[in-house]
Amino acid sequence: MFVARSIAADHKDLIHDVSFDFHGRRMATCSSDQSVKVWDKSESGDWHCTASWKTHSGSVWRVTWAHPEFGQVLASCSFDRTAAVWEEIVGESNDKLRGQSHWVKRTTLVDSRTSVTDVKFAPKHMGLMLATCSADGIVRIYEAPDVMNLSQWSLQHEVSCKLSCSCISWNPSSSRAHPPMIAVGSDDGSPNAMAKVQVFEYNENTRKYAKAETLMTVTDPVHDIAFAPNLGRSFHILAIATKDVRIFTLKPVRKELTSSGGPTKFEIQVVAQFDNHNSQVWRVSWNITGTVLASSGDDGCVRLWKANYMDNWKCTGILKGNGSPVSGSSQQGNANPSLGSNIPNLQHSLNGSSAGRCFFPPLDSPRAGWSRPSYAQLPPPPLVEHSCAADTASLQYPHPRRASLSRPLNPLPENEGV
Amino acid sequence: MEELDGEPTVTLIPGVNSQKKQMCFDWGPGEMLVCETSFSKKEKSEMVPGCPYIHIIRKDIDVYCKILRKLFNESHGIFVGLQRIEEELTGKSRKAQLVRVSKNYRSVIRACMEEMHQLAIAAKDPAGDSQFSSQISILSAMELIWNLCEILFIEVAPAGPLLLHLLDWVRLHVCEVDSLSADVLGSENPSKHKDFWKLPGNTQTLTELELKWQHWHEECERHLQDGTFASSPHLEALCKIMLGDEAALLEEKELLSNWYHFLVTRLLYSHPTVKPMDLHRYAQSSLDVFLGGESNTEPLDNILLAAFEFDIHQVIKECSTALSNWWFVAHLTDLLDHCKLLQSHNLYFGSNMREFLLLEYASGLFAHHSLWQLGVDYFDYCPELGRVSLELHIERIPLSTEQKALKVLRVCEQRQMTEQVRSICKILAMKAVRNNRLGSALSWSIRAKDAAFATLVSDRFLRDYCERGCFSDLDLIDNLGPAMMLSDRLTFLGKYREFHRLYGEKRFVDAAALLLSLMTSQIAPRSFWMTLLTDALPLLEQKQVIFSAEQTYELMRCLEDLTSGRLVHGEPDAQQLQDDDIETTKVEMLRIGLARNLARSIIKEGSLEGS
């Protein structure tokens with residue numbers, strides 16, 4: 001992994017959330033400065049801030065994009081006890097010329113009496129719906145029945161969780177076998193031993209969300225929660241950020257074994273648990289295919305977790321601050337990295353330090369040569385230098401004396417050589 | 001042993017102090033966003049000094065390298081060809097084909113190296129040059145490993161030819177000999193050697209060969225003991241080398257570029273008929289002797305050693321850790337799998353190692369704005385998770401142009417990925433509506449088979465017609481065909497437009513019948529009836545009678561239905577009163593027109609029947 005680009009965010013206070021749109025061509029940021037900014041990627045790969053506006057009268061905790069089937073729609077939630085839905089307006093040629101877009105507030109959801117801590121759009125097959133959760137312990141589910149009129153949102157469900165809520169996650173599965181499902185985490189810090197993760201499932205008959213499961217083993221404050229993309233599995237995978245990173249599987253117990261009509265019962269297992277962040281874990285999120293989980297913790301690092309083909313979960317990469325300031329202009333990096341920027345990485349990788357590479361655990365204990373910095377290249381260095389300019393296929397290629405004397409490679413056939 | 005963790009790899013994010021701050025992040029389809037934040041202090045907003053940066057993180061750097069792109073492109077063709085190799089081919093012909101495929105892969109690597117070499121020459125600055133060079137050295141290492149794997153795993157050369165292959169292997173990758181004619185290897189008595197080496201099966205058996213070699217070996221030894229070369233130390237050394245004397249070989253160590261060069265040389269003079277099974281022993285001891293106790297082996301050494309040990313699994317593991325892209329392991333593993341060399345590791349993950357690596361490689365390609373098209377075929381050949389991975393990746397391709405969208409759609413349609421097709425069309429329809437391109441919106445929603453959206457767009461069309469008195473996108477609406485049946489409103493739109501066409505063509509009788517049927521069949525929305533009735537007015541005023549008496553009765557019933565159904569709520573304002581005025585006038589005119597037409601039609605029908 002490598003940093004391709006760094007962009008000055010220009011928020012006047014702490015940024016709380018960054019969010020890519022579905023295609024990765026736009027992003028949104030939100031901050032304690034009460035604003036949201038939208039950024040667009042140009043054809044050349046540069047990012048430009050195309051809108052920045054005050055959204056709330058308090059810190060904005062989260063910002064998230066609706067699926068593009070519903071247009072260009074954002075939702076935000078804030079300390080000011082509200083969540084809001086925003087839509088981009090097309091037109092106004094003046095704006096377009098200035099490279100600016102215009103966002104209007106379509107609705108303010110004011111039902112919470114406390115800080116709204118998370119907002120998430122439901123999977124698109126459910127229509128245009130969103131869920132919020134708040135410090136008062138209530139999950140609210142809203143729906144916009146007319147996707148062309150986003151000013152009308154109706155509160156469909158209020159689910160009480162009894163504990164201050166910090167995070168929600170919709171189960172993304174679109175399988176008919178899986179009713180809509182939402183998991184809720186609580187960061188309630190009071191010294192009780194109550195379980196902090198609850199899973200609610202929609203019941204077709206009662207038309208209500210009912211509690212399906214409580215993860216009894218999670219008793220420490222939970223800061224984030226994320227269902228993995230389903231990949232056609234019959235069971236669900238749920239990642240939880242608490243004092244460590246935990247990955248659970250929820251396997252539905254066959255219906256005929258449970259009382260019919262009631263919520264699905266699950267067989268719950270911990271498949272991985274990592275305390276590498278040393279302390280609190282604050283965020284967990286899956287990549288789009290659900291093969292890699294990223295987590296962010298008090299150690300200031302983002303860690304990447306992946307199961308290899310033997311189903312062993314392990315840390316495969318760490319994103320870590322280097323502590324030194326970003327210098328120079330507001331946007332820097334290598335969008336189209338020339339070879340120049342590639343090579344150091346390749347070289348690093350040969351020493352085993354490029355991210356995402358160690359999916360195969362070495363069979364033997366780590367070798368001395370692995371971390372030895374002196375030889376950057378894969379091939380062993382020649383013991384004696386030869387003045388061989390003849391064949392660049394030679395493994396000793398980068399060679400001080402060869403730089404000036406070079407001849408094109410001998411192409412195949414194979415038998416060339418001596 | 002599997003539990004032993006490799007060290008995770010670290011990527012440094014500039015400007016973030018991990019001691020004091022945390023990072024928030026988000027995944028995108030090909031990239032990741034990372035930004036400094038502080039999670040613990042939520043309620044208090046604390047002013048941060050300086051300005052935080054948003055960092056865009058990418059995964060596979062090689063995907064963005066222009067020259068490697070050629071490697072990806074050309075190997076894609078070989079890969080697809082390999083997947084289609086006929087299963088029934090067995091024995092020699094199959095093996096020959098697999099060896100050919102392997103050589104093709106290697107020649108692509110070589111071509112890539114060559115191109116890189118040209119660029120290295122062209123690069124004037126030394127920094128650029130060294131960067132190209134190190135890239136070349138990596139490609140070169142890949143080719144070296146691949147070649148050895150080809151000899152050992154694919155050719156499966158038996159004792160005898162095995163050493164020949166290894167000689168070629170060393171010759172291809174060690175270059176010194178050419179320029180140093182006095183070299184040990186160069187003076188290896190080629191004529192004798194060449195005569196000597198005849199492939200077993202051609203003229204002699206392996207045993208015969210061994211016997212002859214033994215004989216020659218003894219002769220050399222006798223010469224040495226007799227002191228034939230005592231006068232010339234050089235010749236004596238040469239003779240010792242030909243006898244495979246290790247000490248003598250090591251004296252010329254500087255001419256042997258590395259341990260595997262030493263290994264092959266040693267085998268040539270002391271064990272020319274080495275069996276595959278014994279290779280590892282010689283390889284290990286050559287490595288130990290050559291490095292002289294320095295046990296610091298490099299990744300490449302370990303990979304080659306694992307190959308000599310015939311431990312394919314280990315070769316792949318070591319390669320996947322040491323190389324910066326998935327290209328090499330994915331393609332090599334796939335080829336070895338076609339050679340039926342991999343036991344499958346069918347565990348819960350649902351795919352074997354081959355598939356695991358191919359999925360990684362293909363996902364990397366999807367991060368690139370055009371290479372994703374190659375990735376599609378790789379996913380196609382992953383039986384377990386290829387399909388669902390493709391579904392998840394392809395719907396994220398940015399639909400920046402119509403052309404690109406059509407390309408993505410074609411891929412989905414070829415694979416019957418109906419949900420992705422629907423979603424992509426829906427996204428495009430929504431985009432078009434937002435930009436007020438109704439024709440495009442309509443055709444995308446028809447393609448998405450989205451009835452609700454087609455209704456919505458049809459309503460927009462009708463509204464536009466009411467406002468402007470004409471239709472846009474006539475081509476589209478005139479050629480809806482069976483697509484018209486998608487939604488009632490769309491059917492109405494199509495039929496209503498047909499009415500206008502008939503009217504324009506002066507086919508008044510047909511036009512009149514159609515107009516009436518739109519109301520009687522309830523296809524026309526109630527809100528549109530007044531417009532339709534108004535459209536009937538000029539037909540009622542024509543010289544000849546168009547609506548029959550029966551049809552006129554129907555029209556009258558429609559009008560009465562409409563007017564009697566209207567209820568006035570509350571106090572009407574001025575605007576409403578004015579609107580009502582217009583409405584009343586319209587209704588009055590219609591009533592007069594209908595009555596007059598009824599009279600004319602009764603007379604006409606009566607007189608026709610009478611005649």
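This report looks at a helix pair in chain B and a sheet in chain A of a predicted model.

## A helix pair in chain B

Let's start with helix α20 (residues 438–447) and helix α21 (residues 451–468) of chain B, whose axes come within 9 Å of each other and cross at roughly 155°. Because an angle over 145 degrees counts as roughly antiparallel, α20(B) is roughly antiparallel to α21(B). As for handedness, the crossing of α20(B) past α21(B) is left-handed.

## A sheet in chain A

Now for chain A, where 4 strands form an open sheet in the order β14-β15-β16-β17, paired in the antiparallel sense. In general, the strands of a sheet are paired by backbone hydrogen bonds, in a parallel or antiparallel way.

The edges of the chain A sheet belong to β14 (165–170) and β17 (208–214); each has a single partner strand, so one side of each has no neighbour in the sheet. From one strand to the next, the twist averages 30°.

## Inside the sheet

For a handy landmark, look at A:Ala183, whose bridge partner in β16(A) is A:Val199.

Technical notes: Residues numbered from 1 in each chain as written. Chains lettered and ligands numbered in written order. Predicted model: local features only at pLDDT ≥ 70, side-chain atom pairs only at ≥ 80, totals over all residues. Heavy atoms only, no water. Axes fitted to C-alpha atoms, helices over the stretch in contact; angles between N-to-C directions. Helix = DSSP H or I, 4+ residues; strand = E, 2+ residues; numbered from the N terminus. Parallel < 35°, antiparallel > 145°, perpendicular 65-115°, else oblique. Left-handed = near helix turned anticlockwise from the far one by under 90°. Pairing = 2+ DSSP bridges.
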